[in-house]
Amino acid sequence: MRFGEFTLDTESRLLRRGDAERHLSPKAFDLLQLLLTNRPRALSKSELHERLWPSTFVSDATLTSLVAEVRAALGETAGRGRFVRTVHRFGYAFEGVATEVTPSGESTASPARCWIIWDWGQVPLTDGEHLIGRDGDVTVWLESPSVSRHHARIRISGAEAAIEDLGSKNGTFMRGERLAALSPLTDGDEIRLGSVVVKFRSADASGITETHHVG
């Protein structure tokens, strides 16, 4: 889906400005996609809460923070925005022209080799380094006060994957032990980051990409 100089690729879950990738946490990506697909209809805060955090209570401040993350990725602010409009005392809407993009030829994006899966979502991982935490610049965004802003890092290289803790306050655990060094990952490994448990899945090992219950 293309709007202005931006492209939202729902297949690879990437936001691009021209050829440059603009980082969005998984929930922020979901929010932007919701606003785009429902344009020009304004979505109430209650509907957004229900769609983004089903059966889970989160404060309005969390939604406000998510909107701010989307606006930052789009290079706009609450008072000077082209695409995300605040509907006062109601919710938010996408403002502007957006067009569907028909893929032509092969995708240049690297295919996902692995996934991090947890109760509320999954994130594909391609070759390279991927941060896990609750800061706005991470690949895997976990909303929990027990998770550090930059909690851990996963490295993917071909069929090999490894994880290291980044000096987090509450630690990163695998197989009941706190990580003290870079440790290899295998398909099905459960990782505990603070109080949050996620699962590592590898397409090279299983080809399974669907969400599984963790815990």
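## Phe 3 and Phe 83

Both Phe 3 and Phe 83 are buried (under 20% relative accessible area, with a 1.4 Å probe and protein chains only). Their rings have centres 4.9 Å apart and planes at 80 degrees, so the pair is edge-to-face. Rings of Phe, Tyr and Trp (its six-membered ring) pair if their centres lie within 6.5 Å; planes under 30 degrees apart count as stacked, over 60 as edge-to-face and the rest as tilted. Phe 3 lies in strand E1 (residues 2–3) and Phe 83 in the loop between H3 and strand E6 (84–87), 80 residues apart. Helices (H or I, at least four residues) and strands (E, at least two) are DSSP runs, numbered from the N terminus.

This is a predicted model, in which local features need pLDDT of at least 70 and side-chain atom pairs count only at pLDDT 80 or more, while totals for chains, interfaces and linings use all residues. Residues are numbered from 1 along each chain as its sequence is written, and side-chain values use heavy atoms, without hydrogens and water.

## The ring cluster

Ring pairs join Phe 3, Phe 6, Phe 83 and Phe 94 into a cluster. The count of aromatic pairs is five. In one of them, Phe 3 and Phe 6 have ring centres 5.6 Å apart and planes at 25 degrees, so this pair is stacked. Phe 6 is buried, as is Phe 3.

## Helix H1

Helix H1 covers residues 26–37. Nine of its 12 residues are buried, including Phe 29, Leu 34 and Leu 35.

Technical notes: Expected span 1.5 Å × (residues − 1). Buried < 20%, exposed > 50% of the residue type's maximum accessible area, 1.4 Å probe, protein only.
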